[in-house]
Amino acid sequence: MAGDARAGPSPSLLFLLVGLAASLPATSRAEPTDVNVGLIIDAASPVGKIATTTIPMALDDFYAAFPNSTARVKILPHDSGGDVVAAASSALQLMTRQGARAILGPQSSVESAFVADLGTRAEVPVVSFSATSPSVSPTTARFFARAALSDAAQAGAIAALATYFVWRRVVPIYQDDDYGAAFVPFLVDALTSARAAVPYRCAFPAAASDDAVAAALYRMESEQTRAFVLHTRPGLAERVFDAAAEAGMMGEGYAWVITDGLTGLHGFVKPPQGVIGIAAYVRDTPRMRDVERRWAHRYMREHPDAERAHAEMGCYDVWAYDAAWAVASAAERLSSSDLSSPPGLVGGKGGPTDISGLGKSMSGENFLRAINDTRFEGLGGRFNLINDELAVPAFEVVNIMNNGKERSLGFWTQQYGLTRHIGRRSKALNGELKPVIWPGDSTVRPSGWVQPTVARKLRVAVPGNVSDSYRPIVHLDVDPVTNQTTAGGFVIEVFEAAVRLLPYALPFEYVKAKSMPYDELVKAVGNGTFDAAVADITMTANRSTYVDFTLPYEATAIAMVVAVRDQRSNKRTWVFLKPLRYDLWLVSAAFFLFTGFVVWAIEHRDNDDFRGPPSYQVGTLLYFGFSTLVFAHRESLKSNLSRFALLVWVFVVLILQSSYTASLTSMLTVPQLEPSIADYGALLRGTEKVGVMNNSFVLRAMTASGFPQDRLVRYPKAQSFHEALLNGSIGAIVNETPYLRIFLKTYRDNFTMTGQLNKTGGFGFAFPKGSPYVTDLSQAILNLTESDEMNMIERKWFGDPDEDGSAAQDGGPFTSDSLSFGSFWGLFLITDVTLSGSSRLTVGSSIRTCPGRAGSGGWPRSSMTRTPRRTPSGSRTMVVPWPEGPTRLPPLVLRTVSLAAHSVHRTRASGQWRRQARRPVRSSWPPVAKRR
């Protein structure tokens, strides 16, 4: 028995161990778990055909890249045929009977909205790659995820095109269902922000007949707009393009833009040449080219009857591929408990068709979270769902060519706008694109409008009952026989000139507005009674609450017109002093004295005419200086220095005398007209009544400024103002400058505009709030103002601005101003230099010829001679010896010469002469003996 115990294992045990060892590798690698995912499409549609090829191919590529995946997506396809009920039935069957943990699709937006609601009830994720309408959104269905771009994202790109090509009117043509109608509000808002109007919309049902489409396009052809945005499904788009070609709307002058839904399927739509398309930007990478090549072969193999143009990948192909990849990646991240949970719905109370009693998916919440958290580099770029929607990287702008191919024009992003190169900002303000080939093989940019054959005209209100005095400003005449309106005046001509500068045609007709205050007229425009008001309406803060004003086409201000009166009779007595101002009188008198003194100082040594007793020499000094005024000085001059100084001064006197004579003559002969009321302050302090125009806001403005209302008198006509001013009923007219210019053009001889100008808002054209014409007309007004045409219009109706009497505010033609020192200070400067220089030379010469005494600078007493002699006048003086000979010097002269040694410098500062004296030279003259 012991030997038996030491024997080896039995053959049966060895066989069991070998079998277990052989089975170990097989059990260590478990089979992947199937994850059922439903697919609801319209198999006969272009997007359905694309999905049947793309989604299986994407899953094959995913599992080829990740062969060790623990979960494998199994597609359960259903064909809804584009029917909402069929799509809902397919979704219920997938969730209740086939155990679908998620659903790809449905294809259309209206189907997706219904299925997304069912998915939210059952907590089954619904991932759509083709439902782009904003009508279905994760905000309304929590378990809905959009793996495609929302149509609302491309509205900004289309608006940027309208701005770039300067299209001021754009008409959307769309499919009248959830796909088209939900997109139009976003498009209209974007166009409005870009200052492009949407005059009307054209909606077609999906099943619209060819005749209905053709009739609508013929109606659009008769309108003025020539820029269209097409947003429909491919089948309807083909009918629209065919009808447009029949109506001649695919020729030169037309512009067509198709949205990304049609650009991504342009092989099915075949849009004509010249159409501009918006497409989601897809980078050209080696992986993209490989997938595109393999996809084209597979598509043609699965759809042998398809055209070769159908086998070109577009946005739907890319979105379907990335959506399938995202679902497979999310399934791989599900936990084992999620994968082992019962497929389908749990806890349902009713049957499989009882919507209210649907159960819930055990893995739906985690599956949706995994899908939203998925990040990878897809065919369309970085796959990233933000708020359960695909992020918008960029849009590409393409030009459809005649061979059906696309030519890239540039790109649009929210950050950089339109650019030729992705990721770069354009230097141009409105962006930059490559040249476009438009319909009709034209390279000329369509203006987007033509003069319409049939269109609703803008009803423009014009005041009808206008006084004849103010017809140059605005007037409207109605023929009683033909009822035809004829408008004219400055305002009308400016409005029509601005309309001609618009980048589109603006049909309008003038409508006579009954007599009403302008405040009421503005309110009538604001409530829609009129489409606009063209009149001399002053823009105020209160009126701007009802309407939108254009930029002012005429600057206005509140001014005052008063009568003028001649002031000469009040100033006859002292009129001779008026020609020169006081400063010129004082300086002239000082220079008369200064000239006489300098000539005397030079001549008294050798000229007997300047010698004599003190009173005689003072009289000679004064007489000589003032006699130069009339050139009547009789003293002969012996020194060339004094002659030169006198010559300069006589020249100055000649100029002063001529100017004085001319100014005095003007004051005595020219009427000195001055305003009877100087300014508003004088008007307010006075008691005169003031005339204002009827229906003018000036009355309210003056009352608000504190002016007594009982002193304000209304007048309807300029003639009434004229009569009231003449008979003294009123003392002034206060109104806006255009009306006063009209008044002064007729009655300018006796009146003038005076007082400070108080600025107002100016005249503007009124439009309802939010009108798109305000910005364009404002731009046109700016262009008109910068041109000569505006000046020509103003001169035509108001005359030359220099003829309206406004120059009187500055004392222009009515006053003669006094002459001031500032007009002649250069002449006085020359005279001062000449006289001061002459005096210095004289004093210096005198000092050099006088022998000084050491220490004292005086003369030796032994050298003085006191021999009395008589002057020609009989007075006795002492004779003092000079080196050259004796010179008679009276005491007054001795003191005068000592003072003359002081150099006088004058500097001109602050309009006055200031004196600056140097240190005086000490005099060493000997004492003079007393007169006997």
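This is a predicted model: local features need pLDDT of at least 70, side-chain atom pairs count only at pLDDT 80 or more; totals for chains, interfaces and linings use all residues.

**Entry 1: helix H4**

I began with the buried residues of H4 and found Ala87, Ala88, Ser90, Ala91, Leu92, Leu94 and Met95. Buried means under 20% relative accessible area, exposed means over 50%, and partly exposed lies in between (1.4 Å probe, protein chains only). Helices (H or I, at least four residues) and strands (E, at least two) are DSSP runs, numbered from the N terminus.

Residues are numbered from 1 along each chain as its sequence is written, and side-chain values use heavy atoms, with hydrogens and water left out.

What do the buried residues of H4 pack against? I found strand S1 (33–41), strand S2 (71–79), strand S3 (102–104) and helix H5 (109–122).

I also checked the span of H4 (residues 84–96): its 13 residues, at 1.5 Å a residue, should span 18 Å, and the end C-alpha atoms are 18 Å apart, which agrees. The expected span is 1.5 Å times one less than the number of residues.

**Entry 2: loops**

Between S3 and H5 I found proline 106 in the loop. The peptide bond from glycine 105 to proline 106 is cis, with omega near -5°.

Which loop holds valine 166? It is the one between helix H6 (155–164) and strand S6 (171–175). Valine 166 is not a glycine, yet its phi is positive, about 55°. Its relative accessibility is 30%, so valine 166 counts as partly exposed.

I noted arginine 195 too, in the loop between helix H8 (184–193) and strand S7 (202–204). Arginine 195 has a positive phi of about 65° although it is not a glycine, and at 38% relative accessibility it counts as partly exposed.

**Entry 3: two helices**

Helix H17 (residues 490–500) packs with helix H27 (residues 788–798) at an angle of about 160°, their axes 10 Å apart. Therefore H17 is roughly antiparallel to H27 (angles over 145 degrees count as such). Axes are lines fitted to C-alpha atoms, for helices over the stretch in contact, and angles run from 0 to 180 degrees between N-to-C directions.

Who makes the contact (heavy atoms within 4.5 Å)? From H17 I listed Phe490, Glu493, Val494, Ala497 and Arg500, and from H27 Glu789, Met790, Ile793, Glu794, Lys796, Trp797 and Phe798.

Technical notes: Angles under 35 degrees count as roughly parallel, over 145 as roughly antiparallel, 65 to 115 as roughly perpendicular and the rest as oblique. Contact means heavy atoms within 4.5 Å.
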